[in-house]
Amino acid sequence: MAVPRRGFLAVTALDTNVERVHTFGAVAATQFQGGESAPVTPALFTVRNGQITGAVDVVARAVVPPEQMVPTS
């Protein structure tokens, strides 16, 4: 799951394919930088039974310049 900006939610099934995860992360980072609404975070989240179980920002950090990152905590 990704919540890159206010009013935008992206969800995909958990995947162990690194290329697909990076593609999903790039989509989230692009939306984060899009500017259509307030940015939230470029991080990806893992969810189980409706609860956030983890956050992954390694993909976002590869795409979004550090000065544009918003803290995820």
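This is a predicted model: local features need pLDDT of at least 70, side-chain atom pairs count only at pLDDT 80 or more; totals for chains, interfaces and linings use all residues.
Biologist: Fine. In which strand does Val-47 lie?

Modeller: Strand S3, which spans residues 44–48.

Biologist: And how do I read its exposure: is Val-47 buried, partly exposed or exposed?

Modeller: The scale is relative accessible area: under 20% is buried, over 50% is exposed, and partly exposed is in between (1.4 Å probe, protein chains only). Val-47 comes out at 40%, so that makes it partly exposed.

Biologist: What does Val-47 touch, leaving out residues up to four places away in sequence?

Modeller: A contact just means heavy atoms within 4.5 Å. On that basis, Val-47 touches Met-1, Ile-52 and Thr-53.

Biologist: Which side chain does the Arg-5 side chain make a polar contact with?

Modeller: First the rule: a polar contact is a pair of N or O atoms within 3.5 Å; within protein, one must be able to donate a hydrogen and the other to accept it, and residues adjacent in sequence count only if both atoms are side-chain atoms. For Arg-5, the partner is the side chain of Glu-36, at 3.4 Å. Setting aside residues up to four places away in sequence, Arg-5 touches Glu-36 along with others, including Gln-31, Pro-39 and Val-40.

Biologist: Val-40 then. Where is its place?

Modeller: In the loop between H1 and S3. Val-40 is partly exposed, with 33% relative accessible area. Thr-41 is found in that loop between H1 and S3 too, but Thr-41 is buried at 4%, and its side chain reaches the backbone nitrogen of Ala-43 at 3.2 Å. Pro-42 also has its place in the loop between H1 and S3, and counts as buried at 1% relative accessibility.

Biologist: What about the loop between S3 and S4? Which residue there has a positive phi although it is not a glycine?

Modeller: Asn-49, with a phi of about 55°. Asn-49 counts as exposed, at 76% relative accessibility.

Biologist: And Val-56?

Modeller: Val-56 lies in strand S4 and counts as partly exposed at 36% relative accessibility. Skipping neighbours within four places in sequence, Val-56 is in contact with Ala-43 and Leu-44.

Biologist: Which residues make up the largest nonpolar core?

Modeller: A nonpolar core is a set of buried Ala, Val, Leu, Ile, Met, Phe, Trp, Tyr and Cys residues joined through side-chain atoms within 4.5 Å. Here the largest one has five: Ala-2, Ala-10, Phe-24, Ala-28 and Leu-44. Ala-10 touches Ala-2 and Phe-24, and also Met-1, again not counting residues up to four places away in sequence.

Biologist: Last topic: what volume does the largest pocket have?

Modeller: A pocket is defined on a 1 Å grid over the protein atoms alone: it is an open set of points where a 1.4 Å probe fits, with protein on both sides within 12 Å along at least five of seven lines, and lining residues have an atom within 4 Å of a point. Grid points are joined across faces, edges and corners, and the volume is the space filled by probe spheres set on the points. The largest pocket comes to about 400 Å³. Of its 15 lining residues, the closest to the centre are Ala-13, Leu-14, Asp-15, Phe-45 and Thr-46. Helix H1 (18–32), S3 and strand S4 (51–56) are the elements that give two or more residues to that lining.

Biologist: Which element supplies the largest share of the lining?

Modeller: S3, with five residues. By type, the lining divides into nine nonpolar, three polar and three charged residues, where Ala, Val, Leu, Ile, Met, Phe, Trp, Tyr, Cys and Pro count as nonpolar, Asp, Glu, Lys and Arg as charged, and the others, Gly among them, as polar.

Note on methods:
Residues are numbered from 1 along each chain as its sequence is written. Side-chain values use heavy atoms; hydrogens and water are left out. Helices (H or I, at least four residues) and strands (E, at least two) are DSSP runs, numbered from the N terminus.
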